[in-house]
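Try each task on your own, then follow the solution step by step.

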Amino acid sequence: MSSFLSVRDLKVHFPTVDGIVKATDGLSFDLERGKTLGIVGESGSGKSVSSSAILGLHRRTSAQVSGEIMLDGVDLLKLSDEDMRRRRGKDVAMIFQDPLSAMHPYYTVGNQIGEAYRVHHDVSKKVARARAIEMLDRVGIPQPDRRVDDYPHQFSGGMRQRAMIAMGLINNPSLLIADEPTTALDVTVQAQILDLLQDLQRDFDAAVIIITHDLGVVAEMTDDVLVMYAGRAVEYGSCKEILTHPEMPYTWGLISSIPDVSGDTSAQLIPIPGNPPSLLNPPSGCAFHPRCTHRDKVPGDLCTTVLPELLPGTRTEGHLKRCHLTNPDVVYEREILPEIAPDLVEER
Amino acid sequence: MFAYVIRRVFIGVILLIVMSLVTFVLFFASPVDPGRYACGKNCSPAQIEQTNKALGYDKPVIEQWTDFLKGVVVGREYPDDPALRAAAPQLVVECPAPCLGYSVVNSVTVNEELKERFPLSLSLALAALLMWVTGGVLFGVIAAVRKGTIVDRGIVALSLIFYAFPAFFIGLFLLKFVAIKWEIVPVPVYTPIAEGGLGLWLQGLFLPGLTLALLYMAGYVRMTRAFVLESMSEDYVRTARAKGLKSRKVLTKHSMRAALTPLVTMIGLDFAGLMGGAIITETVFNYNGLGKLAVDATVTYDLPTIIGLVLLLGTFVIVANIIVDVLYAVIDPRVRVG
């Protein structure tokens with residue numbers, strides 16, 4: 001039996017005058033209803049491009065999308081434009097990063113939320129407005145019957161994101177994609193929005209994909225984690241596995257660069273050296289090798305010449321990693337853990 | 001909103017007063033003796049001086065200007081001579097408020113001059129505006145939607161070609177070939193609505209309006225194309241698509257609405273500018289509009305007419321600006337005051 005959402009070998013390529021930009025290059029993952037997948041990676045690693053592909057937002061004229069996106073037994077990539085449009089916003093909905101720019105400044109919040117409802121339901125404006133008020137109430141906006149006629153600029157950042165969530169959920173989608181839903185918000189508001197998303201997910205029994213570069217969000221929200229680098233998955237497994245026993249140097253880098261305010265605040269952050277690679281002309285072999293500090297542990301020039309497969313790691317079958325290291329668990333225990341959590345090591 | 005408009009009108013009036021002063025000063029700063037012009041070629045210095053005195057050109061500039069302002073408020077008589085009025089009242093021209101002056105060159109008050117020319121220029125500007133906005137926005141949107149295709153390139157190239165041609169070329173071409181030689185449309189003659197009805201009025205405006213429209217359209221095609229393309233890459237357009245809206249609806253409701261704001265600004269200013277700026281087109285079609293009046297008045301050093309025109313056209317620019325700003329608030333809720 002296949003899963004509710006099953007993505008296989010998804011590729012999103014953008015032909016340009018300089019060559020093909022492989023923004024997503026062979027991505028596969030599964031997701032069940034009621035579960036949350038976190039997609040993590042730096043800017044430009046292909047997170048947003050992949051999720052836009054699930055929603056069918058790429059224009060055929062500018063992007064080549066291939067592979068398979070099975071949602072509830074239907075391959076979304078085989079649908080016609082019109083059939084995909086009918087599903088967009090109804091079966092699959094998306095919440096965007098910056099709620100101020102993601103809402104039209106000239107229309108009221110209620111108009112925009114109601115519009116999302118009217119696209120897929122043949123109802124009057126009045127009914128749609130009532131439904132919008134109901135949803136605004138649901139996402140915790142006070143006095144929704146009054147605020148429904150406000151314009152986006154009259155809302156605070158957190159309220160705008162709540163309104164965006166209301167817009168995304170108004171048609172009871174079975175899959176919700178949240179593209180960095182808390183990045184543009186205050187830290188205090190971030191927690192509220194995440195709580196809200198979790199509550200609503202439980203109520204709606206939706207599958208949720210959260211795109212983020214914040215491992216705190218990952219730890220709090222997700223069941224599974226997919227780490228992306230240069231358009232490919234480099235590590236994939238359950239949230240707990242990935243955060244406690246990461247086996248790919250890039251994931252180590254992400255974890256090491258989280259500031260730990262509860263511990264020794266004088267400890268230095270350890271950033272990942274270098275910059276994300278060009279997707280137009282990615283490095284040979286493992287795309288991460290130019291920035292990897294562990295590649296001398298791999299014999300020969302495997303890292304620079306051969307692209308590692310996404311294979312099960314050393315601990316469990318479900319934990320996949322794309323790395324040539326033969327003993328990543330040992331390296332992590334000995335070299336990484338003492339640096340990021342010395343107290344934890346002492347306890348052991 | 002109301003208070004805002006009042007404030008803008010008040011500032012506009014002050015601006016007009018300053019404009020009239022500047023025009024007076026500039027006129028008298030030129031090396032030409034207006035009396036010499038009014039009197040004629042063979043006048044003796046004494047006669048010129050007498051003419052200047054009769055026309056009031058001998059008074060200090062500031063006094064002439066205050067006399068003018070007084071005329072605007074309470075009206076004036078030409079010539080302003082109580083003795084003449086008592087002796088021969090039929091020689092005195094009444095100019096009721098708001099009096100903009102008396103053109104000696106044309107022997108008529110400026111108000112009457114402007115009143116006669118104004119409908120033509122307004123009609124012409126309206127006809128041109130209608131055509132260029134319709135065409136410009138339509139082709140601009142088509143070019144934006146078909147970006148990068150042959151249709152897009154064709155539209156942009158064609159609009160550039162029209163833009164590059166001077167007005168007298170397009171105007172003469174339309175007149176000589178389309179109207180006279182090929183007889184596709186009748187030779188345009190301006191007929192006011194009151195005289196010939198809507199049909200003849202439109203017929204008279206078609207070719208000259210088209211001439212102006214073709215010139216202005218190029219800019220609007222390119223501008224609309226750029227604004228629509230810009231708005232199509234906005235996040236809220238992506239949101240609209242993510243809702244599952246049909247692409248036509250995304251374009252009309254979300255993209256084009258955003259592209260409207262900058263277009264409205266341009267339309268307002270171009271319309272006001274065209275009121276007195278269609279000189280070449282008016283000349284080609286031999287239409288006596290405000291543009292032609294301005295040229296004639298400048299050539300004959302007809303100060304009262306020049307000032308009247310400057311103020312009328314200035315008023316148009318100011319009013320157009322106020323209307324544009326009010327429209328902003330209608331279009332964009334973020335601009336709404338209070």
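**Exercise 1. How far apart do the C-alpha centres of domain 1 of chain A and domain 2 of chain A lie?**

Solution. Before we start, note that this is a predicted model, in which local features need pLDDT of at least 70, side-chain atom pairs count only at pLDDT 80 or more, and totals for chains, interfaces and linings use all residues. Residues are numbered from 1 along each chain as its sequence is written, while chains are lettered from A and ligands numbered from 1 in the order in which they are written.

Step 1: find the bounds, which come from an automatic or database domain assignment. In chain A, domain 1 covers 101–172 and domain 2 covers 249–347.

Step 2: take the C-alpha centres of these two domains of chain A; they lie 43 Å apart.

**Exercise 2. Describe the overall build of chain A, and check its radius of gyration against the globule rule.**

Solution. Step 1: count the elements. Chain A has 14 helices and 12 strands, where helices (H or I, at least four residues) and strands (E, at least two) are DSSP runs, numbered from the N terminus.

Step 1: look at the extent. The C-alpha trace of chain A spans about 70 × 45 × 40 Å along its principal axes.

Step 2: apply the rule, 2.2 Å times the number of residues to the power 0.38, with the radius taken over C-alpha atoms. A compact globule of 348 residues would come out near 20 Å, and chain A, with 21 Å, agrees.

Step 3: check burial. In chain A, 45% of the 348 residues count as buried (20 or more other C-beta atoms within 10 Å of the residue's own, with C-beta atoms placed from the backbone; 12 or fewer is exposed, and in between is partly exposed).

**Exercise 3. Trace the order of the 8 strands in the open sheet of chain A.**

Solution. Step 1: recall that strands of a sheet pair through backbone hydrogen bonds, either parallel or antiparallel. Here two strands pair if DSSP finds at least two bridges between them.

Step 1: walk across the sheet. The order in chain A is β6-β7-β8-β3-β9-β10-β12-β11, with mixed pairing. At the edges are β6 (92–95) and β11 (311–312) of chain A, each pairing on one side only.

Step 2: zoom in on one pair. Strands β3 (residues 36–40) and β9 (residues 224–229) of chain A run parallel and are joined by 4 bridges. Across this pair, A:Ile39 faces A:Leu226 of β9(A).

**Exercise 4. Which strands pair with β4 (residues 64–71) of chain A?**

Solution. Step 1: one partner is β1 (residues 5–16) of chain A, antiparallel to β4(A) over 7 bridges. Within this pairing, A:His13 has A:Gln64 as its bridge partner.

Step 1: another is β5 (residues 74–75) of chain A, antiparallel to β4(A) with 2 bridges. A:Leu71 sits opposite A:Val74 there.

Step 2: inspect the turn. β4(A) and β5(A) make a hairpin with 2 residues between them, and A:Asp72 in the turn has a positive phi of about 55°.

**Exercise 5. Is helix α10 (residues 235–242) of chain B mostly covered or uncovered?**

Solution. Step 1: check confidence. Chain B averages a pLDDT of 86, with 99% of the residues at 70 or above; pLDDT is the predictor's confidence in each residue, from 0 to 100.

Step 1: count. Helix α10(B) is mostly covered, with 6 of its 8 residues buried, among them B:Tyr236, B:Arg238 and B:Arg241.

Step 2: find the neighbours. The buried residues of α10(B) pack against α1 (47–55), β6 and α3 of chain A, together with α11 (247–277) of chain B.

Step 3: look just past the helix.

Technical notes
Two residues are in contact if their C-beta atoms, placed from the backbone, lie within 7 Å.
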